[in-house]
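Thanks for coming. I have a few slides on one structure, so please look at the screen.

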Amino acid sequence: MERIVLSDICNLIVDCPHSTAKDEGVGYPLVRTPNIGKGRLLLDGVHRVSETVYNVRNERAVPQVDDIILAREAPVGNAAIITQGQNVCLGQRVVLIRADKNIVDPKFLIYKLLSEDVQYRLKNCANGAVVAHLNMNDIRNLEIDLPELDIQHHIANILTNLDDKIELNNRINHNLAA
C-alpha cells in the first residue's frame with residue numbers, strides 16, 4: 001500500500017464560492033454542510049437555487065457524478081459522493097474533489113476520507129477560534145493510503161452494496177413508521 005497526497009490523485013480540488021446563496025425554494029440543490037452525510041448527500045429539505053445562481057456558483061467547476069463534496073467546517077470532514085441524477089451546486093464551506101479514476105476509485109476514496117484515521121487527521125488540521133475549519137492547503141496535502149486500483153474497486157463495491165442495503169432498509173423503516 002502506498003501513501004500518497006490527495007492532490008496527486010485528483011484532477012480537481014476546488015473551493016466553493018465564499019458567499020451565501022439565498023434559498024429560492026425551487027431549482028437546483030445547493031449543497032451546504034448540513035447536506036453532507038457520511039458518504040451520501042442528504043437532499044431532503046435542501047435549499048434550492050435558480051439556473052442563474054447555479055451557473056455562477058459552478059464557474060470554477062460543475063459538480064459531476066462521482067465527485068466528492070467535503071465539508072470544510074460544521075462539521076469538519078463530512079464527505080459525500082455525487083450519484084447519478086444529482087445535479088447540484090456548491091454552497092458555502094464545502095470543497096469539490098474530483099478523483100483521477102486512473103489512480104483512485106472515487107467510491108473507495110469516499111470511504112477512505114470517512115475512515116477513522118483520515119477523519120482524525122482532518123480534525124487535527126482544522127483550526128479556528130470559534131468554528132474549526134480546514135484550509136485548502138491541508139486538504140490538498142492530505143495523505144491517503146492507497147492499495148492497487150483493482151483492490152480499491154473490490155473494496156468500494158462491497159462497501160457500496162452494504163450502504164445501498166442500509167439505505168433501502170432505512171427507507172422501508174421510515175415508510176412503515178409513517
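Helix α2, residues 106-113, is mostly covered, with 6 of its 8 residues buried. Buried means under 20% relative accessible area, exposed means over 50%, and partly exposed lies in between, with a 1.4 Å probe and protein chains only. Helices are DSSP runs of H or I, at least four residues, numbered from the N terminus. The buried residues of α2 are P106, F108, L109, I110, K112 and L113. At the start of α2, the backbone nitrogen of K107 has a side-chain oxygen of D105 within 2.8 Å.

A word on the source. This is a predicted model, where local features need pLDDT of at least 70 and side-chain atom pairs count only at pLDDT 80 or more, while totals for chains, interfaces and linings use all residues. Residues are numbered from 1 along each chain as its sequence is written, and side-chain values use heavy atoms, leaving out hydrogens and water.

Next, helix α5, residues 149-177, which contains L176. Is L176 buried or exposed? L176 counts as exposed, because its relative accessibility is 69%.

Now the cysteines. How many disulfides does a search of the whole structure find? The search finds 0, where a disulfide is a pair of cysteine sulfur atoms within 2.5 Å. C125 is in no disulfide, and the nearest cysteine sulfur, that of C10, is 15 Å away. C125 counts as partly exposed, at 29% relative accessibility. For C16, the closest cysteine sulfur is in C89, and at 11 Å it is too far for a bond. C16 is buried, with a relative accessible area of 1%.

Definitions and conventions. Helix = DSSP H or I, 4+ residues; strand = E, 2+ residues; numbered from the N terminus. Polar contact = N/O pair within 3.5 Å; in protein donor to acceptor, adjacent residues only side chain to side chain.
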